[in-house]
Amino acid sequence: MEKVRFTEEKATMLATLYGRALDARSARPILGDQAADEAVKQIDYDFSKLGVTPDMGLTVALRAKPMDEWAADFLRKHPDATVVHLGCGMDSRVHRVDPPPSVRWFDVDYPDVVDLRGRIYPDREGYRTIGSSVTDFGWIDEIPSDKPGLVIAEGLTMYLRPSEGEELLRRLIAHFPQGGEMVFDTFSRLGIKLQKLNPVVRKANATLYWGIDEISELERLGLTLVTKLDATDYATPEAKERLSASMRAQLWLVGLIPAFKKMGRILRFRF
Ligand SMILES: C[S@@+](CC[C@H](N)C(=O)[O-])C[C@H]1O[C@@H](n2cnc3c(N)ncnc32)[C@H](O)[C@@H]1O
């Protein structure tokens, strides 16, 4: 068992890991991420204190699913691409997407987070981790720039200061002269204001900073929107039936109010 002691934004990755483990244990999993379940069993931590409910397990899996599909779609078209997976936490996405060894895949998170990854997950060809804050931009020099790039960041942008997040995206766009795609989720400014209603953020004592209301705020950095999923778009009807009645009621309310719909979005861009 690996004993861990993470706080604030780093602790939130234990909640999303646990959410995927709950999904894997459910009768009809969305992601079926057995590696997440195995990882939870190997980590000596009281996961019950994170406030993760079965509803949350389902929504974490529903958020990850389109991101996995978009990544796989890009890598089918660019089997020699370079992937940068930012704020990877304990996400075993590289194992779920399972790219060919011709793809170079970099998982980036704080040093103690990638250290834990190294103790839990097996190594694989073409795969490397980088232990750094994503906003200490020196790590970008370690990434080859001779192939198209795929940048993935799930549950990360909201933890960055707006100026740092924008600078990060600008630098990554400039780093891949052959272009590529970016896949990430965002919170709106209202989502940032209401952050303490999110039990995972509250219990981890994490702070969210970067709210994005309009796609144009990202397009002006050099991105072109490919697909946008609002909070009400990514739960399939079958998945909605499995949510609790109160969560279904919340989703229904969110669907009625445009400001709520953009509180949490999943976005796919090209550059
Ligand atoms: C909500 S978790 C998401 C983890 C993972 N993407 C997932 O979906 O399970 C947020 C992650 O972002 C990482 N993170 C936040 N700010 C960061 C920064 N400045 N540099 C590197 N990682 C950061 C945290 O360490 C944590 O792993």
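## The second largest pocket

The second largest pocket of this predicted model holds about 150 Å³ of space. Its lining is made up of L22, D23, S26, P54, D55, L58 and R242. Helix α3 gives the most, with three residues.

What classes of residue make up this lining? Three are nonpolar, one is polar and three are charged.

## Where α1 meets α2

Helix α1 also meets helix α2 (residues 34-42). Their axes come within 7 Å. They cross at roughly 115°, and the crossing is left-handed.

From α1, the contact uses L17, Y18, R20, A21, A24 and R25. From α2, it uses Q34, A36, D37, A39 and V40. By class, the contact has seven nonpolar residues, one polar residue and three charged residues.

## The seven-stranded sheet

Seven strands form an open sheet. Their order is β5-β4-β3-β6-β7-β9-β8, and the pairing is mixed. Which strands stand at the edges? They are β5 (127-131) and β8 (224-229). Each has a single partner strand, so one side of each is left without a neighbour in the sheet. On average, neighbouring strands are turned by 20° against each other, direction ignored.

Strands of a sheet pair through backbone hydrogen bonds, either parallel or antiparallel. Here, strand β3 (residues 82-86) and strand β6 (residues 149-153) pair in the parallel sense. Five bridges join this pair. Within the pair, L86 stands opposite A153 in β6.

## Helices on the sheet

Helix α3 covers residues 54-77 and packs on the sheet. It touches β3, β4 (104-109), β6, β7 (180-187), β8 and β9 (264-270). The direction of α3 makes about 5° with that of β9. This is the helix that also gives the most residues to the lining of the second largest pocket.

Helix α6 (residues 162-175) lies across β3, β6 and β7. How does α6 run relative to β7? The angle is about 170°.

## The cavity

How many cavities of 30 Å³ or more does a search of the whole structure find? The search finds one. The largest cavity has a volume of about 50 Å³.

The lining of the largest cavity consists of L86, V151, A153, L156, T157, L160, G165, L168, L169, F184 and W210. The elements that give two or more residues to the lining are β6 and α6. The largest share, three residues, comes from α6.

By class, the lining of the largest cavity has nine nonpolar and two polar residues. Charged residues are absent from it. The second largest pocket, in contrast, has three charged residues in its lining, with D23, D55 and R242 among the residues there.

Methods:
Residues numbered from 1 in each chain as written. Predicted model: local features only at pLDDT ≥ 70, side-chain atom pairs only at ≥ 80, totals over all residues. Heavy atoms only, no water. Pairing = 2+ DSSP bridges. Helix = DSSP H or I, 4+ residues; strand = E, 2+ residues; numbered from the N terminus. Axes fitted to C-alpha atoms, helices over the stretch in contact; angles between N-to-C directions. Contact = heavy atoms within 4.5 Å. 1 Å grid on protein atoms, 1.4 Å probe; cavity = no way out; pocket = protein on both sides within 12 Å on 5 of 7 lines; lining within 4 Å. Points joined across faces, edges and corners; volume = space filled by probe spheres on them. Nonpolar A, V, L, I, M, F, W, Y, C, P; charged D, E, K, R; others polar. Left-handed = near helix turned anticlockwise from the far one by under 90°.
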